[in-house]
Amino acid sequence: MIEAETLAVLMFIALALCIFSGLPVAFVMAGVAWIFGTIAIAMDHLSWINFFAIVPRIFGSAAETMVLSAVPLFIFMGCMMEKSGIAKDLLTACQYLLRRVPGGLSLAVVMMGTVLAATTGIVGASVVMMSVLCLPMMLKNRYDPSFATGTVAASGTLGILIPPSIMLLVLAEMLSISAGILFMSAMLPGLLLATLYMFYVIAVAKFKPHLAPPSEDICTQETLFSALQKLIPTVMLVALVLGSILAGWVTPTEASAVGAFGALILGYFSIVLKKTTGNEQKNSKKARNIEYMSVLSTAVKNTALTNAMLFAIIICATAFSYIFRLLGGDDVVQDLIHSSGLTAWQTLGVVMLMTFILGFFLEWIEISLILLPVFGPIVAGLDFGDHIQSYNILYWFAILMAVNLQSSFLTPPFGTALFYLKASAPKSITLTQIYKGIIPFVLLQLSGLAIVALFPALATWLPNVMK
C-alpha cells in the first residue's frame, strides 16, 4: 500500500504536470485535490469526514475572511480609474512636468505607473492602459521599440507591489499576518523599485540617446495649472487611501471602500463635469451622463469577472493545500529541508529560486498558494541572527516574495504582462522586441530583491515608526 506521504509527493508532481495541460489552474488544483483525496480515502489514509471538512475550511479561509472583502473594492477602484480617462490625464500631466528631463517621456511612463500602482493594484489593467496610451506616443517620438515596451511592461507591474495591492492582501491572509502592517512594509521596497526604473531610463536617455531621443511637440497646449489640475486629484485619492491606512485610522478593508467611492467621484468629474462652453455644454451633458453610466457598467462587469477568477483560484487552492497537508505533504518538505542541513540563508535562497523559476510558467497567485502554505511555517522558524528580529521575519519574507513574484509578470514564456502588452500594442511590435526590452527590468527587479534581502530595514522601518 502506498504511504500517505508518498501520495502527497505524487499529488504535488501531478499538479506540476497538469498545470501545463492548458486547463484553468483553478480546476486543475480542485481536480487533483479531489482525485488524490478519493484515493487516500480508498486506502484508509483519510476518512470522508476529513474530506468534507474542505467546505468549512474554504468558507473560513476565503468567504468569511474580512480582509479579502477589500479585493473587489480595490479592483473596482482600478477599473474606474482606467475607464474614466483619469489615467490619460495623468500621463499628460507627467509629460508636461518632465518635458525638460532626459528621457522625459519614458520617465513620465514610470511615474504614471507608480501613481497608478497606488490606485489600481491590477497589473492587467495597468499594462493594457499604459500600452494603449504610451506606446504609440513613444514610437512616434522615435523611441527604440524594445526600450519602450520594456519600460511600459515593467512600470505596469508596479501595481502588484506598491499598496494597495491585491497580492499583498492575499499574502497577508495566507501567512496570517496583518495586511495593514504589510502595506506599510511594502511602501519603501515598492518605491525603491520605481526609483531603480527611473535611474535606468534616465541613464539610457543620457548615454544612449538614440534609444530615447528628446520628445517633439509634446503637451504644446498644456500649462502648469492644467497639469496640476489633472495630477492633484489622483494624488489626493492615493494619499487619502494610503495615508489613512498608514496612520492607522482605517483598516485596508475600510480604505478600499473610500478608494472605490473616490474613484466614482473622480470619474464623474472627469466625464460629466468636464469643462465645456455654450451650446456644447447643453447638447453634450446628456451624452456625457450616458457615457458615465456606460463606464460604470463596464467597470462593474470587469470587477465581477476579475474577482470571480481570483476567488475561484483561492477556493480551489485551499482545497489542494488542505488535502496535501492532511496527507503529510508539509511534513515531508520540512523533513527534507531539515535533513539537508541547509542554513537559514540557504533555505531562503532555495525558496526564492523556486519562486523565480516557477514565475516562468505560473502566475503569482498560483505560486503563492502552492509555496506559501508549505514554506511559510518553515521560514518563520528560521534564525537569521542579528540580521532581523524573529517577529519581523514573516513580513520581510512576504515582501521578498512580493518583489520576486513581480518578475513572474515579465519572465517568458508565460509572463502575463508580456501578452497583455502584445495584445494591446501596435501591430509593428513583435514578441522578440518585447522579450529583449524586459531583460534589463527583470535584472533591476532581482537587484531590488537582493537589496531588500540585505537591508531588511527597508521592509521593517516604516511599520516600526508608525507604531
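Start by selecting helix 7 (residues 104–117) and helix 9 (residues 145–156): helix 7 goes past helix 9 in a right-handed crossing, meaning that the near helix is turned clockwise from the far one by less than a right angle. Helices here are DSSP runs of H or I with at least four residues, strands are E runs of at least two, and both are numbered from the N terminus. Show Ser106, Val109, Val110 and Gly113 on helix 7, then Phe147, Thr151, Val152 and Ser155 on helix 9; these make the contact (heavy atoms within 4.5 Å). By type, the contact residues of this pair come out as 4 nonpolar, 4 polar and no charged.

The axes are lines fitted to C-alpha atoms over the stretch in contact, with angles from 0 to 180 degrees between N-to-C directions. Under 35 degrees counts as roughly parallel, over 145 as roughly antiparallel, 65 to 115 as roughly perpendicular, and the rest as oblique.

Before you move on, note that this is a predicted model, where local features need pLDDT of at least 70, side-chain atom pairs count only at pLDDT 80 or more, and totals for chains, interfaces and linings use all residues. Residues are numbered from 1 along each chain as its sequence is written, and side-chain values use heavy atoms, with hydrogens and water left out.

Stay on helix 7 and pick threonine 114. Is threonine 114 buried or exposed? Threonine 114 is buried, at a relative accessible area of 14% (buried is under 20%, exposed over 50%, partly exposed in between, using a 1.4 Å probe and protein chains only). Its side chain reaches the backbone oxygen of valine 110 at 2.9 Å. Beyond the neighbours within four places in sequence, threonine 114 is in contact with Leu158, Ile162, Leu191, Ala194 and Met198.

Next, go to serine 185 in helix 11 (residues 179–207). Serine 185 is buried, with a relative accessible area of 1%. Which backbone oxygen does the side chain of serine 185 reach? It's that of alanine 459, at 3.0 Å. Setting aside residues up to four places away in sequence, serine 185 touches Tyr395, Ile399, Leu458, Ala459 and Pro463.

Now colour helix 10 (residues 166–175), where 8 of the 10 residues are buried. Among them are Ile166, Met167 and Leu175. Just past the end of helix 10, check serine 176, which has a positive phi of about 55°.

For another helix pair, select helix 16 (residues 344–358) and helix 17 (residues 364–380), whose axes come within 11 Å and cross at roughly 175°. That makes helix 16 roughly antiparallel to helix 17. Thr347, Val351, Met354, Thr355 and Leu358 of helix 16 meet Ile367, Leu371, Phe375 and Ile378 of helix 17. This contact divides into 7 nonpolar, 2 polar and no charged residues.

Over on helix 2 (residues 25–42), find tryptophan 34. Tryptophan 34 is exposed, with a relative accessible area of 54%. Draw a C-alpha to C-alpha line from tryptophan 34 to phenylalanine 51: 8.8 Å in space, 17 residues apart in sequence.

Finally, zoom out to the chain, with its 21 helices and 0 strands. Of its 467 residues, 54% count as buried.

Methods:
A polar contact is a pair of N or O atoms within 3.5 Å; within protein, one must be able to donate a hydrogen and the other to accept it, and residues adjacent in sequence count only if both atoms are side-chain atoms. Ala, Val, Leu, Ile, Met, Phe, Trp, Tyr, Cys and Pro count as nonpolar, Asp, Glu, Lys and Arg as charged, and the others, Gly among them, as polar.
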